[in-house]
Amino acid sequence: MEGLVSSGSNPVRVFGGRKHQSRFVPVSTLHLRKSVCGIRIGVMKKQCSPFLVSASASVVGHFENTLPSKEVLELWRNGDAVCFDVDSTVCLDEGIDEFAEFCGAGKAVAEWTARAMGGSVPFEEALAARLSLFKPSLSQLQNFLEQKPPRLSPGIEELVQKLKANHKHVYLISGGFRQMINPVASILGIPQENIFANQLLFGSSGEFTGFDKNEPTSRSGGKATAVQQIRKAHGYKALTMVGDGATDFEARGPGGADLFICYAGVQLREGVATKADWLVFNFKDLISSLG
């Protein structure tokens, strides 16, 4: 859903198209090649299949925040809650784009997204516009969930297990849809009450009727609102937000997250990455830093 918000720079895709159907994708060797929007990070295996990769030294060296400060490390290690974005962070894919493609409207949704990125479009307006292009039925959603299981980013399962072993509470906060995120939460062992996401609505015959506009994540600034609600409800002393986009960075602020970690293992958004307290390309960095 980050494609609906301009981050001030073109995103760099760090992995290829959707061809691999396992729950997660292994790390492979990378190569760099030029594209119309700058440097595109791609990968190549003997079978020529796309895989998620860590960024090269040339890309990492472009940023000054790939090594955490002492203060950042202390907040990460001693905090009592971590909130994760889902699309292009916990999962490799953008859920609504994958769903639209499954329903035969991938091109139309992608074209609308491209137009939306040219200006400032309220999140709720962009969400409604994209959904109106394919109006998914309940049966289509059920078929999608059966045929397209979630593809988790490498290392996320181990990271969540390590966080929980260290007695930290884990949340999923997404502009995507709860129906698609529930299977992800189940794999990771995250309780339903720790999910903040949108809800697709259907009529008595399974026809699409819209989305729940009462969810905080259905509106611009929704992730920041969700994090503030979590912080207030539980009184956490220190909370970290992990994500790839501008709406994730917005969650860092008064009453919200104390720390923003930009995960650029799937999408590298330079305008967001440069503002992060800590920029990582591999969840192993976060795992090892927990001790």
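Author: One term before we start: contact means heavy atoms within 4.5 Å. Also, this is a predicted model.
Reader: OK. Which residues does S218 touch, leaving out those up to four places away in sequence?
Author: S218 touches F123, E124, N198, F211, D212 and K213.
Reader: And where is S218 found?
Author: In the loop between β8 and α9, with α9 covering 222–234.
Reader: Is S218 buried or exposed?
Author: Buried. Its relative accessible area is 1%, and the cut-off for buried is under 20%.
Reader: Which backbone oxygen lies 3.3 Å from a polar atom of the S218 side chain?
Author: That of K213. K213 is also among the residues S218 touches.
Reader: Back to β8. Which way do β7 and β8 run, parallel or antiparallel?
Author: Antiparallel. Strand β7 is residues 200–202, β8 is residues 208–211, and three bridges join them.
Reader: What stands opposite L201?
Author: G210, in β8.
Reader: How many residues sit between the two strands of that hairpin?
Author: Five. In this hairpin, G206 takes a positive phi near 85 degrees.
Reader: New topic. Where is N282?
Author: N282 is in the loop between β12 (278–280) and α12 (283–289).
Reader: Buried or exposed, that N282?
Author: Buried, with a relative accessible area of 18%. That counts because the limit is under 20%.
Reader: What lies 2.9 Å from a polar atom of the N282 side chain?
Author: The backbone nitrogen of K284.

How values were computed: Residues are numbered from 1 along each chain as its sequence is written. This is a predicted model: local features need pLDDT of at least 70, side-chain atom pairs count only at pLDDT 80 or more; totals for chains, interfaces and linings use all residues. Side-chain values use heavy atoms; hydrogens and water are left out. Two strands pair if DSSP finds at least two bridges between them. Helices (H or I, at least four residues) and strands (E, at least two) are DSSP runs, numbered from the N terminus. Buried means under 20% relative accessible area, exposed over 50%, partly exposed in between (1.4 Å probe, protein chains only). A polar contact is a pair of N or O atoms within 3.5 Å; within protein, one must be able to donate a hydrogen and the other to accept it, and residues adjacent in sequence count only if both atoms are side-chain atoms.
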